[in-house]
Amino acid sequence: MDESKLAIHGGPPIRSKPLPYRKLFGKKELEAVTKVFEDSWREGVDFGFQGKYEKLYTDKFCEFQGGGFADGVSSGTAAVYLALKVLYLEPGSDVITSPVTNPGSISSIILQGMNIVVADSQPNTFLLGPDEFEAALTPNTRAAVLTHSGGYPIDMNPIVEIAESKGIKIIEDGSQAHGALYKGKRVGRFGDIAAFSTMFSKTLATGGCGGLVYTENEEYYWPIRSHADRGKPFHISDFSQRRFDEYLFPALNFNLDELSCAIGLSTLSRLQKTIDKRFEITRKIDEALDASSVVSPALKPQYDCKPSIFFHTVMVDVDKLKVSKKEFAEAVAAEGIWVNPDYREVVSEWKWLQSYLKRGTHTPNASDFRDRTFNILLNERFSDEDIEDVIASILKVESVLAKT
Ligand SMILES: Cc1ncc(COP(=O)(O)O)c(C=O)c1O
């Protein structure tokens, strides 16, 4: 068989066996949940929520962050919802959002009666920048929900400075960037409140679903706790769960259960290692891309930061190709490499959102960057051999699909 024939054309793929699956939930997580069961049998009380595992997990998370208060909640979507809820904004307020994020981040705003204003990204990134933030401001802007997309921190300081001067509250969405550093501090510590998803594909995960609300401001923390659990007055240390008459206001139940918190505690204990490993993998990929004349590293922030890689974005020199970027990336995927050829998280392009958009119906920088890049999906189990196959696939595809 002709080894150089692309898999997409019926040739043999570079990868004959699948890339290593992440197996985030391994023996340690099984032990962690088993311990929750065993504790409950020994103590003679079924496990529930708001228990000792949530306390251990959230305390550990705050230690990891370098201080603050955290509440484990049922999803990242719930976390954004709660963060916005406790800002007590007038319905109809304008809320700036990132150009590239997940629908969960956006729906939380719409469902609270706010107007979405999508800001564009800085050229050649998926990240909102200070100029784009300023351009999105309206007289009615009261808050912004800013996503550190793909694991890279936004350039927060100038944005926070503008926001503070105008009384605009900032929510950081760190769902794709747990533990990323901006100027030496973890993301989540720059705005007023931060929301994190901890669902199974995230760098920090509590199980199938999960989320976390984080703040350094205790004045937000207690309302977050109450809004996450039916209006219970958690700020009163000896309040009784049974005294429904003393609850504060109507609120839903967004609790994270003890099993999930035990899993979170376990995955959190190796989060820094996970971050370091993923960073090292992308560093090696970028270094090896020197051999490519078509694909190159995409993101090189000019400010002091260290990403917590969620996916790895690479740039394609589309002028050198005989095919579209999407076709090129699809051909790489066919070689057995995990690739997202056509990233659909550009918010302004979502059809269902159009009638809710106040401004930001077009984010040319974000769309342009998406059209010239593709995302390599990876995990911390990738070996050097796996990285070599990623590069070999790219080189094989470009040997056929690049113009000569
Ligand atoms: C940036 C961002 N925000 C919010 C969410 C929503 O989180 P969840 O799926 O846990 O509701 C996700 C991911 O799913 C995300 O990537």
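This is a predicted model: local features need pLDDT of at least 70, side-chain atom pairs count only at pLDDT 80 or more; totals for chains, interfaces and linings use all residues.
Q: At what angle do helix 9 and helix 12 pack?
A: Helix 9 covers residues 271–288 and helix 12 covers residues 384–401. Their axes lie 10 Å apart, and helix 9 passes helix 12 in a right-handed crossing. The packing angle is about 35°.

Q: Which residues of helix 12 meet helix 9, and how many charged residues does the contact have?
A: From helix 9, the residues involved are Ile281, Lys284, Ile285 and Ala288. Facing them in helix 12 are Ile387, Val390 and Ile391. By class, the contact of helix 9 with helix 12 has 6 nonpolar and no polar residues, and the number of charged residues is 1.

Q: Are helix 10 and helix 12 roughly parallel or oblique to each other?
A: The axes of helix 10 (residues 325–334) and helix 12 come within 9 Å and cross at roughly 130°. Angles of 65 to 115 degrees count as roughly perpendicular and those over 145 as roughly antiparallel. The crossing of these two helices is right-handed. Helix 10 and helix 12 are therefore oblique.

Q: How many polar residues does the contact of helix 10 with helix 12 have?
A: Helix 10 contributes Phe328, Ala331 and Val332, which meet Ser393, Ile394, Val397 and Leu401 in helix 12. By class, this contact has 6 nonpolar residues and no charged ones. The number of polar residues is 1.

Q: Which strands stand at the edges of the open sheet of 4 strands?
A: The order in this sheet is 10-12-15-13, with antiparallel pairing.

Q: What is the bridge partner of Pro297 in strand 12?
A: Strand 10 pairs with strand 12 (residues 312–316) in the antiparallel sense. This pairing runs over 3 bridges. In strand 12, the partner of Pro297 is Val314.

Q: Which residue in strand 11 stands opposite Leu181?
A: An open sheet of 3 strands has the order 7-6-11, with antiparallel pairing. Its edge strands are strand 7 and strand 11 (305–306), each of which pairs on one side only. Strand 6 and strand 11 pair over 2 bridges. Opposite Leu181 stands Lys306.

Q: Where does Lys183 lie, and is Lys183 buried or partly exposed?
A: Phi of Lys183 is near 50°, a positive value in a residue other than glycine. Lys183 lies in the loop between strand 6 (181–182) and strand 7 (185–186). With 13 other C-beta atoms within 10 Å, Lys183 is partly exposed.

Q: Is Gln50 buried or exposed?
A: Gln50 has a positive phi of about 55° although it is not a glycine. The place of Gln50 is in the loop between helix 1 (27–43) and helix 2 (52–65). A residue is buried if 20 or more other C-beta atoms lie within 10 Å of its own. Gln50 has 20 such neighbours, so it counts as buried.

Q: Which residues is Arg189 in contact with, leaving aside neighbours within four places in sequence?
A: Arg189 is found in the loop between strand 7 and strand 8 (193–197). Its 18 C-beta neighbours inside 10 Å make Arg189 partly exposed. The C-alpha atoms of Arg189 and Met156, 33 residues apart along the chain, are separated by 9.9 Å. The contacts of Arg189 are with Gln65, Gly66 and Glu216.

Q: How many residues of helix 3 are buried?
A: Helix 3 covers residues 76–85 and is mostly covered. Among its buried residues are Gly76, Thr77, Tyr81 and Lys85.

Q: Which residues are buried on the two faces of strand 3?
A: In a regular strand the side chains alternate between the two faces of the sheet. Both faces of strand 3 (residues 115–118) are covered. The buried residues are Asn115 and Val117 on one side, and on the other Ile116 and Val118.

Q: Which residue in strand 3 stands opposite Val95?
A: Strand 2 (residues 94–97) and strand 3 run parallel. They are joined by 4 bridges. Opposite Val95 stands Ile116.

Notes:
Residues are numbered from 1 along each chain as its sequence is written. Axes are lines fitted to C-alpha atoms, for helices over the stretch in contact, and angles run from 0 to 180 degrees between N-to-C directions. A crossing is left-handed if the near helix is turned anticlockwise from the far one by less than a right angle, and right-handed if clockwise. Two residues are in contact if their C-beta atoms, placed from the backbone, lie within 7 Å. Ala, Val, Leu, Ile, Met, Phe, Trp, Tyr, Cys and Pro count as nonpolar, Asp, Glu, Lys and Arg as charged, and the others, Gly among them, as polar. Two strands pair if DSSP finds at least two bridges between them. Angles under 35 degrees count as roughly parallel, over 145 as roughly antiparallel, 65 to 115 as roughly perpendicular and the rest as oblique. A residue is buried if 20 or more other C-beta atoms lie within 10 Å of its own, exposed if 12 or fewer, and partly exposed in between; C-beta atoms are placed from the backbone.
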